[in-house]
Amino acid sequence: MPSQFGAVQLAHEFLAAHVREGDLCIDCTAGRGKDTAFLCELAGKSGRVIAFDIQQAAVDSTKALLAERGLSAEVHLASHSRIDEYAEEGSVSAVVFNLGWLPGGDHSINTRAETSIEAITKGLRLLKKGGIMSLSIYYGRDTGYEERDAVLRFLRELPLTEYTVIVGEFVNRPNDPPISVRIYKG
Ligand SMILES: C[S@@+](CC[C@H](N)C(=O)[O-])C[C@H]1O[C@@H](n2cnc3c(N)ncnc32)[C@H](O)[C@@H]1O
């Protein structure tokens, strides 16, 4: 394993193990489009990928990456707190969150505890049985710790009869390394 194995790779391994051709997947934080593109590749031509971001720069970057790779997704300039307007309950195979700021963008525009928790709550409802949610939580520096703490508190309270929640930490890395969360809906 390379020493710089990171949260993106962990999330992609998790997604690759569960997403199948034809699946419906949602990327709640499109950013530069890496996760959206990865989901498109996994879900294939018969699948459907929906992505959200509140910044035009992120939507543009994501669409450009998809075009470059010959992939297609529905990319919305909208808050992920509205995901329930775009998919039916119990219909989604995978929901992805990458909490933090747009890479190479304005650090003051980042995900927030209140909207993230609203979107996670709705995303869990949209998941079908056997569906998964991946969260990569970036925190610290310009973002602070409030969102990380609130999201982890919320996840610890999820009913164990419905969800299995695994929280992964890079314990031998300095400087607030990201936290990788895997949720399985049983
Ligand atoms: C860490 S970045 C995502 C990185 C992305 N996965 C990639 O591959 O580049 C977080 C993104 O969440 C977006 N964001 C912040 N609040 C949001 C919200 N309420 N709804 C949707 N996106 C949001 C930011 O604009 C930013 O682009």
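Predicted model: local features only at pLDDT ≥ 70, side-chain atom pairs only at ≥ 80, totals over all residues.
1. **Sheet order.** The open sheet has seven strands. Their order is β3-β2-β1-β4-β5-β7-β6, and the pairing is mixed. β3 (74–77) and β6 (163–169) are the edge strands, each pairing on one side only. On average, neighbouring strands are turned by 15° against each other, direction ignored.

2. **β1 and β4.** Strand β1 (residues 24–27) and strand β4 (residues 92–99) run parallel. Three bridges join them. D27 stands opposite V96 in β4.

3. **α2 on the sheet.** Helix α2 lies across β1, β2, β3 and β4. Relative to β2, α2 runs at about 170°.

4. **α4 against α5.** The axes of α4 (residues 113–126) and α5 (residues 146–156) come within 9 Å. They cross at roughly 30°. Angles under 35 degrees count as roughly parallel, and α4 and α5 are therefore roughly parallel to each other. The crossing is right-handed.

5. **Residues of that contact.** On α4, the contact is made by A113, S116, I117 and I120. On α5, E146, E147, A150, V151 and F154 make the contact. The residues of this contact divide into six nonpolar, one polar and two charged.

Technical notes. Residues numbered from 1 in each chain as written. Axes fitted to C-alpha atoms, helices over the stretch in contact; angles between N-to-C directions. Helix = DSSP H or I, 4+ residues; strand = E, 2+ residues; numbered from the N terminus. Parallel < 35°, antiparallel > 145°, perpendicular 65-115°, else oblique. Left-handed = near helix turned anticlockwise from the far one by under 90°. Contact = placed C-beta atoms within 7 Å. Nonpolar A, V, L, I, M, F, W, Y, C, P; charged D, E, K, R; others polar. Pairing = 2+ DSSP bridges.
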